[in-house]
Amino acid sequence: MTKLTWDDKPKANLGLDRGVFYDRSGLGVPWNGLTNIEIQEDSPSTIITYLDGEKLALIRKAGAFSATLEAFSYPEEFDDYAGYSWSSELGVKSFSLSFREWTSETTYRIHLLYSLKASPEDVGYRSTGSD
């Protein structure tokens with residue numbers, strides 16, 4: 001089994017620590033540079049169907065899932081999945097992601113996100129000088 005290696009840096013006290021990008025083949029690549037992942041999930045809904053005043057069916061629909069990922073760098077392999085390279089179609093390929101979240105000084109949780117599709121946000125550029 002291949003061992004993943006991240007850039008050497010001090011461990012964060014709490015929160016997001018490191019991630020792994022998985023392409024469609026399942027190949028895992030270390031993702032250095034993840035700074036924030038916000039997950040939004042709608043509440044599940046229930047649809048009740050009546051016939052002649054009697055409950056006929058109760059259908060539960062799962063809530064919609066979305067996440068916003070922030071990073072100052074990403075693995076080269078992510079290009080084809082994010083729509084950044086000329087050869088890809090935006091948001092067509094799905095990928096998976098895992099990341100570690102420190103919950104205390106000695107414990108952490110591993111989060112698994114799968115069947116994701118990227119949709120990059122607008123990028124702005126500005127000068128930092130006064131000229």
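The lining of the largest pocket divides into 18 nonpolar, 5 polar and 4 charged residues. Here Ala, Val, Leu, Ile, Met, Phe, Trp, Tyr, Cys and Pro count as nonpolar, Asp, Glu, Lys and Arg as charged, and the others, Gly among them, as polar. This is a predicted model, where local features need pLDDT of at least 70 and side-chain atom pairs count only at pLDDT 80 or more, while totals for chains, interfaces and linings use all residues. Residues are numbered from 1 along each chain as its sequence is written, and side-chain values use heavy atoms, with hydrogens and water left out.

Back to the pocket. A pocket is an open set of points on a 1 Å grid over the protein atoms alone, where a 1.4 Å probe fits, with protein on both sides within 12 Å along at least five of seven lines; lining residues have an atom within 4 Å of a point. The largest one has a volume of about 760 Å³, volume being the space filled by probe spheres set on the points, which are joined across faces, edges and corners. Of its 27 lining residues, Thr68, Leu69, Glu70, Ser119 and Pro120 lie nearest the centre. The elements giving two or more residues to the lining are β3 (34-41), β6 (65-71), β7 (95-102) and β8 (108-116). β6 gives the most, with 7 residues. Strands are DSSP runs of E, at least two residues, and helices runs of H or I, at least four, numbered from the N terminus.

Next, the sheet. An open sheet of 4 strands runs in the order β2-β1-β7-β8, with antiparallel pairing; two strands pair if DSSP finds at least two bridges between them. β2 (28-31) and β8 are the edge strands, each with a single partner, so one side of each has no neighbour in the sheet. β1 (residues 15-22) is joined to β2 by 4 bridges, and Tyr22 stands opposite Gly28.

Then the hairpin. β4 (residues 45-51) and β5 pair antiparallel over 7 bridges, with Thr49 opposite Ala57. Two residues lie between the strands, and Asp52 takes a positive phi near 55°. How many of the 8 residues of β5 (residues 54-61) are buried? The number is 0, so β5 lies largely in the open; buried means under 20% relative accessible area, with a 1.4 Å probe and protein chains only.

Methods: Buried < 20%, exposed > 50% of the residue type's maximum accessible area, 1.4 Å probe, protein only.
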